[in-house]
Amino acid sequence: MSRAVKLRPATPNDLEVLQYWDRQPHVIAAKGDGDWQWETELARRRDWREQLIAEVDGRPIGYLEIIDPAREESQYWGCIAGGHRALDIWIGEKDCLNRGYGTRMMQLAIERCFADPAVAAILVDPLDCNPRAHRFYERLGFEYVVRRCFGEDSCFVYRLARPETASGNANTA
Ligand SMILES: CC(C)(COP(=O)(O)OP(=O)(O)OC[C@H]1O[C@@H](n2cnc3c(N)ncnc32)[C@H](O)[C@@H]1OP(=O)(O)O)[C@@H](O)C(=O)NCCC(=O)NCCS
């Protein structure tokens, strides 16, 4: 990868680019065409969520959301213990796929999640029909947990546990 990726908070000024990305076929293939209600959600600050835009040389290329699934208000993940984070990621700009940017976005997000000592594991839920995303998460160290339906979406749940510390202790979720 030639250029540095930065994550910054999304703002209402990102509305158009997020709506544009939502119309891209490779994004629809990964997350469906559900309405993320950007206009409302970009204006709402929630302490259980981080909405992040990835930029390369100041150009927005993708979106990354980190939630605390135990506190997220729709309870998308169902009943879940504390100490987790759940991620959603997509690169909206097609010319930015397969250039290592997604890997870097995930590395930054993983660091960000585990910076909180209370976080023991990170979850992702790619569609079961997205094998490239499965390989992508597996390369980052995520382990397959279970196939699970979220609404009408059949997904694979993957989990990344906090890395063991130098003393050999690892938190468990
Ligand atoms: C998944 C994604 C974030 C990876 O970012 P990336 O910058 O393209 O990936 P990298 O260059 O770091 O790594 C390359 C790997 O990404 C994955 N990838 C690349 N294009 C992809 C696509 N259109 N859809 C899903 N995964 C893709 C593959 O695993 C690929 O390697 P492989 O095909 O040789 O196994 C990005 O491809 C994307 O946004 N895809 C569409 C949305 C999506 O699938 N989101 C995740 C599931 S919820």
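Tutor: Two strands are said to pair if DSSP finds at least two bridges between them, and strands themselves are DSSP runs of E with at least two residues, just as helices are runs of H or I with at least four residues, all numbered from the N terminus. This is a predicted model, in which local features need pLDDT of at least 70 and side-chain atom pairs count only at pLDDT 80 or more, while totals for chains, interfaces and linings use all residues. Residues are numbered from 1 along each chain as its sequence is written, and side-chain values use heavy atoms, with hydrogens and water left out.

Student: What phi does Gly 151 take in the hairpin of β6 and β7?

Tutor: Gly 151 takes a positive phi near 60°, in a hairpin that has two residues between the strands.

Student: How do you know that β6 and β7 pair?

Tutor: Strand β6 (residues 143-150) and β7 are joined antiparallel over seven bridges, and the definition asks for at least two. One of the facing pairs is Glu 143 with its bridge partner Arg 159 in β7.

Student: What makes β5 and β7 a pair?

Tutor: Four bridges link β5 (residues 121-124) with β7 (residues 153-161), and these strands run antiparallel; Val 124 stands opposite Tyr 158 in β7.

Student: Which strands are called edge strands, and why?

Tutor: The open sheet has seven strands in the order β1-β2-β3-β4-β5-β7-β6, with mixed pairing. The edge strands are β1 (5-9) and β6, as each pairs on one side only. From one strand to the next the twist averages 30°, where axes are lines fitted to C-alpha atoms, for helices over the stretch in contact, and angles between N-to-C directions run from 0 to 180 degrees.

Student: What makes α4 a helix that packs on the sheet?

Tutor: Helix α4 (residues 101-114) touches β1, β2, β3, β4, β5 and β7, contact meaning heavy atoms within 4.5 Å. The direction of α4 makes about 160° with that of β4.

Student: Why is Gln 37 called partly exposed?

Tutor: Buried means under 20% relative accessible area and exposed over 50%, with partly exposed in between (1.4 Å probe, protein chains only); Gln 37 has 44% relative accessibility, so Gln 37 counts as partly exposed. Gln 37 lies in the loop between α2 (25-31) and α3 (38-41), and has a positive phi near 50° although it is a residue other than glycine.

Student: Why does Gln 75 count as partly exposed?

Tutor: The relative accessibility of Gln 75 is 37%, and therefore Gln 75 counts as partly exposed. Gln 75 lies in the loop between β3 (59-67) and β4 (84-91), and its phi is positive, about 55°, although Gln 75 is not a glycine.
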